[in-house]
Amino acid sequence: MLKRLFSRASLSVVCLFAVVLVVLMSACGKSSFTNPKLQSLTLPQSQVAGFSKIEHIVFIVKENRSFDHYFGKFPGTDGATSGMTSNGTRVPLTHAPDSTPFDIGHSHYDVERAVNGGRMDRFDLVENGTINGYMLPYTQMSEADIPNYYAYAREYVLGDRMFSSMAGGSFPNHLYSVGAQSGGAIDNPSSFQSWGCDADDNVKVQVRDAQGNETLQYPCFDFQTLVDSLQEAKVPWKYYAPPPGEVGYLWSALSAIRHIRMGSLWNTNVVSDKSFVADAESGNLPAVSWIVSTETSEHPNFSTCLGENWTVQQINAIMRGPDWNTTAIFVTWDDFGGFYDHVAPPTLDNLGFGPRVPLIVISPYAKHGVVSHTMYEFSSFLTFTEKRFNLKPLTPRDIQANDLLDAFDFNQSPRAPLMLNTRTCPNNGGPAFATSKHR
């Protein structure tokens with residue numbers, strides 16, 4: 001049986017622990033958190049008591065889309081339909097193709113170039129940002145392109161202040177989704193085959209320490225993650241991801257955590273993404289799940305339509321299964337992918353934030369048709385889970401991250417599922433991912 005939500009007394013202990021840890025880390029030069037907006041939200045006691053209704057938490061992590069690229073046209077959001085370029089010209093965000101003709105730069109240095117000190121006006125200068133006059137970063141989808149994502153956003157909660165945790169690409173941001181840190185990694189490793197602890201010996205990743213010094217290191221870390229906390233507390237969990245040899249294995253974050261990748265949990269708790277639907281439909285989902293995918297990840301130049309269909313299939317499986325009434329689903333994208341966004345990311349420390357990415361919160365207890373303007377990052381997922389299962393925070397990030405609870409109303413009757421149909425996609429999903437240079 002899952003643990004009941006901790007009492008007020010234990011909440012006080014956790015809060016005291018958080019304050020002490022932040023003070024100690026600041027004194028040791030390990031933290032530079034100064035943003036007053038990043039404080040945990042306080043809910044009425046009636047809402048806190050209802051938190052125990054959530055017995056299953058699912059994190060669906062897709063690839064490489066900015067908020068304005070997907071939801072800049074969504075009503076009620078802080079969205080944009082035009083953007084500034086490096087020559088001072090404002091241009092319209094033109095229609096994005098379902099499958100892009102090529103990938104665009106989204107490395108740490110592409111982020112720095114595009115953000116330009118908060119001016120958000122150099123997306124045309126990222127790698128492949130302008131080719132023969134075509135500026136792929138300045139494109140966006142409309143409701144006709146992603147109708148099911150719009151349907152979820154209208155029915156549940158859409159976040160327009162969700163920032164990628166790291167000002168960089170997929171590898172460090174996926175690490176934040178499990179550990180509230182990246183081990184200092186600021187970019188993707190120097191390989192397109194494998195990124196973690198089973199990468200070739202010559203594979204390196206750029207790592208930045210608290211003082212700003214950068215070194216090249218093997219992309220295998222050994223920091224504690226949320227799965228370690230869950231394991232210690234005997235809270236069931238699984239990480240659903242493509243296995244070694246498949247394209248999406250790059251995004252299997254736990255492959256970069258040495259004691260997981262080289263330990264027994266790799267064989268028992270890290271499972272194929274293809275097993276998620278069956279687990280959801282049969283009521284065999286663990287308390288906490290992560291899921292990433294391959295050709296359906298929406299990473300350029302994969303098809304957005306095929307990616308949306310895959311997401312619908314996973315969510316429909318949850319809604320058909322016996323666990324819908326006790327589930328919270330968080331759908332997000334791991335980094336901006338080089339696409340334009342007009343909101344300058346706050347500077348929290350020397351690693352983040354990166355540009356905004358979409359976030360959709362789906363649950364029978366999610367509020368109806370709300371656009372949340374609360375600031376979130378991937379560590380917010382950990383904060384939500386830690387509070388639900390009375391787990392200690394891991395880093396200053398999940399101590400200070402907003403906890404996503406304002407997206408829920410636990411006093412409402414559980415809402416019926418929203419079953420959606422998949423669509424027929426154009427061009428059979430577009431060109432092969434092998435033509436893409438980035439990840």
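A disulfide (a pair of cysteine sulfur atoms within 2.5 Å) joins C305 to C425, with an S to S distance of 2.0 Å. C305 sits in helix α11 (residues 304-320) and C425 in the segment after α13 (396-400), so that distant parts of the chain, 120 residues apart, are linked. Helices (H or I, at least four residues) and strands (E, at least two) are DSSP runs, numbered from the N terminus. The model is predicted: local features need pLDDT of at least 70, side-chain atom pairs count only at pLDDT 80 or more, and totals for chains, interfaces and linings use all residues. Residues are numbered from 1 along each chain as its sequence is written, and side-chain values use heavy atoms, with hydrogens and water left out.

**Disulfides**

- The structure holds two disulfides, and the bonded cysteines, numbered in sequence order, pair as 1-2, 3-4.
- The torsion about the S-S bond of C305 and C425 is about -80°, so this disulfide is left-handed.
- C305 is buried at a relative accessible area of 1%, and C425 also counts as buried at 16%; buried means under 20% relative accessible area, exposed over 50%, and partly exposed in between (1.4 Å probe, protein chains only).
- The other bond joins C197 to C220, again with an S to S distance of 2.0 Å.
- Its torsion is about 90°, so the disulfide of C197 and C220 is right-handed.
- C197 lies in the loop between α6 (170-179) and β7 (205-208), and C220 in the loop between β8 (214-217) and α7 (226-232), so the pair ties together parts that are 23 residues apart in sequence.
- Both C197 and C220 are buried.

- Eight strands form an open sheet with mixed pairing, in the order β10-β9-β11-β1-β12-β13-β6-β14; two strands pair if DSSP finds at least two bridges between them.
- β10 (270-272) and β14 (370-372) are the edge strands, each pairing on one side only.
- Neighbouring strands of this sheet are turned against each other by 20° on average, direction ignored; axes are lines fitted to C-alpha atoms, for helices over the stretch in contact (heavy atoms within 4.5 Å), and angles run from 0 to 180 degrees between N-to-C directions.
- β14 pairs in the parallel sense with β6 (residues 157-159) over three bridges, and S372 in β14 is the bridge partner of G159.
- Helix α5 (residues 147-155) lies across β1 (56-62), β6, β12 (327-333) and β13 (359-362), and runs at about 60° to β13.

**Salt bridges**

- The whole structure contains 16 salt bridges, each defined as a side-chain nitrogen of Lys or Arg within 4 Å of a carboxyl oxygen of Asp or Glu.
- R423 forms a salt bridge with E308, the closest N and O atoms being 2.9 Å apart; R423 is in the segment after α13 and E308 in helix α11, 115 residues apart.
- R423 counts as partly exposed at 24% relative accessibility, whereas E308 is buried at 0%.
- E281 and R320 meet in a salt bridge of 2.5 Å, N to O; E281 lies in helix α10 (residues 276-282) and R320 in helix α11, so the pair ties together parts 39 residues apart in sequence.
- E281 is partly exposed at 35%, and R320 is partly exposed at 47%.
- E143 and R154 form a salt bridge of 2.5 Å, N to O, linking the loop between β5 (139-140) and α5 to helix α5, 11 residues apart.
- A network of salt bridges links D68, D341 and R356.
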